[in-house]
Every structure is written in structure tokens, then in C-alpha cells.
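Colleague: I would like to learn how to read a fold from its coordinates. Can we go feature by feature?
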Amino acid sequence: MVTSAYSIAQLATDLREICAQTKVEREILSRARPLARRAALAKESWLKQHMYEADPEQGFGVHLLHEEPDHTLAIFAVSWLPDRGTPPHDHGTWSLVVGVDGPEINTFFERVDDGTRSGHAELKKIGEKVFGVGEVVSMPSGGVHVVRNETDKRTMSLHIYGKHVNFTGRSQFDLDRQTETPFVVNLA
Ligand SMILES: [Fe+2]
């Protein structure tokens with residue numbers, strides 16, 4: 001596959017320009033989507049072997065590649081251990097996730113309770129899709145998903161968020177216990 005170079009610094013510059021031109025989330029997502037794909041296909045420009053390291057307790061490794069001084073426009077390389085994944089979670093901001101190495105399964109949920117009981121959440125599964133290299137998951141604020149690596153190798157994806165997810169007050173969910181609790185990830 002022939003791809004042109006595309007650095008994370010250039011991606012950040014392009015994202016800054018989009019966000020300076022519009023505050024409408026769906027416009028940001030639709031304009032940034034092809035940039036996410038371009039960055040994934042130009043992985044030689046930025047991907048380093050150490051980014052495959054993952055936290056065995058967490059099941060994945062979160063490598064910060066860029067964020068603005070106010071924590072906006074956060075870009076991460078995230079590696080996934082075989083047969084591991086995340087609990088159901090939201091991001092507290094818009095997000096784009098693109099496959100870089102290997103397929104990852106995304107299961108999507110919607111909230112069906114009215115959100116008035118603190119710590120309580122009821123979720124309904126609304127879809128599931130395998131995302132391969134260069135395929136982009138686009139999620140507005142409030143979207144909930146699970147990511148799983150069901151292969152026998154480490155996978156890699158590039159994640160772009162409107163704001164660093166450890167600074168958005170986002171949540172994880174327990175489907176059986178119907179609970180909502182804070183979700184903070186360990187950074188590599
Ligand atoms: Fe996520």
C-alpha cells in the first residue's frame with residue numbers, strides 16, 4: 001500500500017483548523033474523519049514499537065501523542081492485548097477511532113434510563129461492527145461503546161478526542177448491575 005507521510009503534528013494542526021472553523025460536533029466529526037483514516041494509513045510517520053506496550057491489568061496501553069495545553073484535541077495510540085477490551089464507557093466528548101493494526105470489535109449502546117438517578121444507568125445494545133485497518137469509528141458526545149480485541153495478537157488503533165478523556169468526567173457502565181461510575185485510564 002502506497003501512502004503519503006502524515007505526522008501527528010500535522011494531524012493536530014489540521015484538527016485545530018477544523019475546530020477553529022466550527023463548533024458543531026457532527027461537522028467536526030465529518031471533516032476530521034478522513035484525516036483519521038489518512039493518519040492510520042500513514043502509520044510509518046508516527047507509529048513506534050514501544051506503543052504496542054500495554055498495561056496487563058487494564059488490558060490495553062494508552063500512549064498520548066498530542067494534546068493542547070487545555071487538554072483539548074487529544075490524540076492517543078492505543079494497543080490492545082489479545083482477548084482483552086474495555087468495559088462499556090462513554091468519552092464525555094466527540095471521538096474518532098481508526099484501526100491501525102488488526103481488527104477490533106466495537107459494540108455500541110444507547111442509554112435507555114432518564115439519567116435522573118445518580119450512579120444508575122440502563123443501557124441497550126444497538127449494534128456491533130468489526131473495524132479493520134483504516135476504518136473509522138465516529139462517536140458524538142454521549143455515545144457508549146465496548147472495544148474488544150478478539151484476535152491472538154496485539155492490535156493498535158489511533159484515537160482522537162475533543163478532549164483528553166481523563167479530563168472529561170466520563171463514565172464506565174456495568175450492564176448487569178446497572179451502575180455508572182467514573183472511568184479514568186492509566187497512561188503508558
Ligand atoms: Fe472508547
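Modeller: Start with pairing. Two strands pair if DSSP finds at least two bridges between them. This is a predicted model. In the hairpin of E10 and E11, four residues lie between the strands. Among the hairpin's residues, Gln178 takes a positive phi near 55 degrees.

Colleague: In what sense do strands E10 and E11 pair, and over how many bridges?

Modeller: Antiparallel, over four bridges. E10 covers residues 171-174 and E11 covers residues 179-182. Ser171 has Pro182 of E11 as its bridge partner.

Colleague: How should I read a positive phi?

Modeller: Most residues other than glycine have a negative phi, and most peptide bonds are trans. Gln178 is not a glycine, yet its phi is about 55 degrees. Gln178 sits in the loop between E10 and E11. With 14 other C-beta atoms within 10 Å, Gln178 is partly exposed.

Colleague: Is Leu73 buried or exposed?

Modeller: Buried: Leu73 has 21 C-beta neighbours inside 10 Å, and the cut-off for buried is 20 or more. Its phi is positive too, near 50 degrees. Leu73 belongs to strand E2.

Colleague: On to the sheet. In what order do the five strands of the open sheet run?

Modeller: A general point comes before the order. In a regular strand the side chains alternate between the two faces of the sheet. Here the order is E1-E2-E9-E4-E7, with antiparallel pairing. E1 and E7 are the edges; each has a single partner strand, so one side of each has no neighbour in the sheet. From one strand to the next, the twist averages 20 degrees.

Colleague: How many bridges join E4 to E9?

Modeller: Six, and the two strands run antiparallel. Asp101 stands opposite Met156 in E9.

Colleague: How do I describe a helix pair?

Modeller: Two packed helices are described by the angle between their axes and the distance between the axes. Take helix H1, residues 8-21, and helix H2, residues 25-41. Their angle is about 175 degrees and their axes are 10 Å apart. That makes H1 roughly antiparallel to H2; the cut-off for this label is over 145 degrees.

Colleague: Which residues make the contact of H1 with H2?

Modeller: From H1, Leu11, Asp14, Leu15, Ile18 and Cys19. From H2, Ile28, Arg31, Ala32, Leu35 and Ala39. By type, the contact has eight nonpolar, no polar and two charged residues.

Colleague: Which strands does each helix lie across?

Modeller: H1 lies across E1, E2 and E9, at about 135 degrees to E2. H2 lies across E4, E7 and E9, at about 20 degrees to E4.

Colleague: What should I look for in a core?

Modeller: In soluble globular proteins, nonpolar side chains tend to be buried together. In this model, the largest nonpolar core has 35 residues. Those with the most contacts inside it are Ala32, Ala36, Ala77, Leu96, Val98, Leu158 and Ile160. H1, H2, E1, E2, E4, E7 and E9 each supply at least two residues of this core.

Colleague: What does Ala36 touch, leaving out residues up to four places away in sequence?

Modeller: Leu96, Val98, Val136, Leu158 and Ile160.

Colleague: One last residue. Where is Val185 found?

Modeller: In the segment after E11. Val185 counts as partly exposed, with 18 C-beta neighbours inside 10 Å. Beyond four places in sequence, Val185 touches Gln58, Val62, Val165 and Asn166. Val185 and Leu35 are 150 residues apart in sequence and 25 Å apart in space, C-alpha to C-alpha.

Methods. Residues numbered from 1 in each chain as written. Predicted model: local features only at pLDDT ≥ 70, side-chain atom pairs only at ≥ 80, totals over all residues. Axes fitted to C-alpha atoms, helices over the stretch in contact; angles between N-to-C directions. Parallel < 35°, antiparallel > 145°, perpendicular 65-115°, else oblique. Contact = placed C-beta atoms within 7 Å. Nonpolar A, V, L, I, M, F, W, Y, C, P; charged D, E, K, R; others polar. Core = buried A, V, L, I, M, F, W, Y, C linked by C-beta atoms within 7 Å. Buried ≥ 20, exposed ≤ 12 C-beta atoms within 10 Å, placed from the backbone.
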